[in-house]
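These notebook entries record what I looked up in the structure, entry by entry.

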Amino acid sequence: MTSELTIGVLLVAWYLSVGLGVTVGYHRTLTHRSLELPNWFLYPLVFMGLGAGPPIPWVSNHRNHHAKTDTPEDPHAPGIHGFWFAHCGWYLGIRNRLACFLYAMAGPLRLLIDAACRPVYTTDSCSNTQDLKKFPFLVFISRRPGYILGVLIHTLPFVICLAFQNYFFLAIMWFTVVAMYNAGDAVNSVTHRWGGADFQTSDKSRNQFWVAMFSLGEGWHNSHHAFPSSARHGLAPGQLDLSWLFIRLLRRLKIASSVRQPNPKELNKRRLVA
Ligand SMILES: [Zn+2]
Ligand SMILES: [Zn+2]
């Protein structure tokens with residue numbers, strides 16, 4: 001295998017493992033309980049997604065988003081708070097568009113900024129996550145010391161590149177991390193503003209193909225808001241959902257259980273006729 005091909009395979013594997021940590025670990029398993037995973041699999045999966053922030057506050061924010069979608073109480077509603085705040089400013093409470101843009105482009109530096117500044121788990125601020133208290137590892141990495149320790153482990157590939165002065169690989173990794181972060185951020189900004197709707201919802205959620213491709217299926221956001229407890233987000237015909245394919249594999253391997261999805265009757269009831 002040529003070195004270029006090896007680098008390409010490593011980057012894709014890294015993108016997928018971090019992405020699935022967020023989409024399947026943080027979002028579909030912890031937030032919506034759309035499937036069950038054993039702790040031996042769930043903990044490493046969630047740890048891979050740690051760049052998205054401390055997991056329990058992430059779950060708390062996302063549950064608030066679903067409870068108050070596109071209202072002033074929504075943590076990130078682009079129609080209310082503006083595109084850049086909804087895209088990434090809300091993590092740190094910054095509204096200046098240039099500051100938001102620089103943060104969006106900060107790549108791996110976001111790990112360090114987040115470790116220092118992102119709100120972490122407290123029982124008061126995350127009162128809607130009582131069900132996650134039973135996971136001691138999640139509580140540990142959601143509090144400041146455990147979160148910082150986890151983030152430092154995530155920075156190791158960049159530190160190694162710097163130590164060996166491999167600036168070419170560092171640049172490729174930087175670009176990959178920027179893509180990873182902004183794919184996730186676009187779910188909160190782009191897919192509450194632009195795209196089509198396949199199902200009836202009371203909010204502005206939209207399905208957006210290119211966001212879905214980069215975010216491993218999360219861009220089918222209108223479908224997700226219509227059926228939030230479904231493990232499958234690509235619910236309309238032709239909606240490729242890579243996270244769902246991964247969940248199906250886990251179910252076949254008997255790692256995932258209690259996988260939830262709507263039945264055809266429920267889908268048809270909410271389906272918008274073109
Ligand atoms: Zn949403
Ligand atoms: Zn959700």
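The model is predicted: local features need pLDDT of at least 70, side-chain atom pairs count only at pLDDT 80 or more, and totals for chains, interfaces and linings use all residues. Residues are numbered from 1 along each chain as its sequence is written, and chains are lettered from A and ligands numbered from 1 in the order in which they are written.

**Entry 1: Tyr26 and the cores.** I looked up the contacts of Tyr26, leaving aside neighbours within four places in sequence, and found Gly21, Thr31, Val46, Gly49, Ala52, Pro55, Trp58 and Val59. I then listed the nonpolar cores (sets of buried Ala, Val, Leu, Ile, Met, Phe, Trp, Tyr and Cys residues joined through C-beta atoms within 7 Å). The largest core has 47 residues, and Tyr26, Leu45, Val211 and Ile247 have the most contacts inside it. Helix α11 gives this core its largest share, seven residues. A second, separate core of nine residues includes Ala77, Trp84, Trp90 and Tyr103.

**Entry 2: α1 against α2.** Helices are DSSP runs (H or I, at least four residues), numbered from the N terminus. I took axes as lines fitted to C-alpha atoms over the stretch in contact, with angles from 0 to 180 degrees between N-to-C directions. The axes of α1 (residues 3-31) and α2 (residues 39-48) come within 7 Å and cross at roughly 120°. Therefore α1 is oblique to α2; angles under 35 degrees count as roughly parallel, over 145 as roughly antiparallel, 65 to 115 as roughly perpendicular and the rest as oblique. The crossing of these two helices, α1 and α2, is left-handed; that term applies if the near helix is turned anticlockwise from the far one by less than a right angle, and right-handed applies if clockwise. On the α1 side I noted residues including Ser17, Gly21, Val24 and Tyr26, which meet Leu42, Leu45, Val46 and Met48 in α2.

**Entry 3: α1 against α3.** I found that the axes of α1 and α3 (residues 55-67) come within 10 Å and cross at roughly 60°. This makes α1 oblique to α3, and the crossing is right-handed. Tyr26, His27, Leu30 and Thr31 in α1 meet Pro55, Trp58, Val59, His62 and Arg63 in α3.

**Entry 4: positive phi.** Which residues other than glycine did I find with a positive phi? Arg33 has a phi of about 50°, and Leu216 has one near 60°. Most residues other than glycine have a negative phi. Arg33 lies in the loop between α1 and α2 and is partly exposed because it has 13 C-beta neighbours inside 10 Å. Leu216 lies in the loop between α12 (209-214) and α13 (221-226), and its 25 C-beta neighbours inside 10 Å make Leu216 buried.

Entry 5: Is Pro108 buried or exposed? Pro108 has 20 other C-beta atoms within 10 Å, so it is buried. I located Pro108 in the loop between α6 (97-104) and α7 (109-117). Not counting residues up to four places away in sequence, Pro108 touches Thr155, Phe158, Trp174 and Val177. Ile172 is found in α11 (residues 167-189) and is partly exposed, with 16 C-beta neighbours inside 10 Å.

Key
Contact = placed C-beta atoms within 7 Å. Buried ≥ 20, exposed ≤ 12 C-beta atoms within 10 Å, placed from the backbone.
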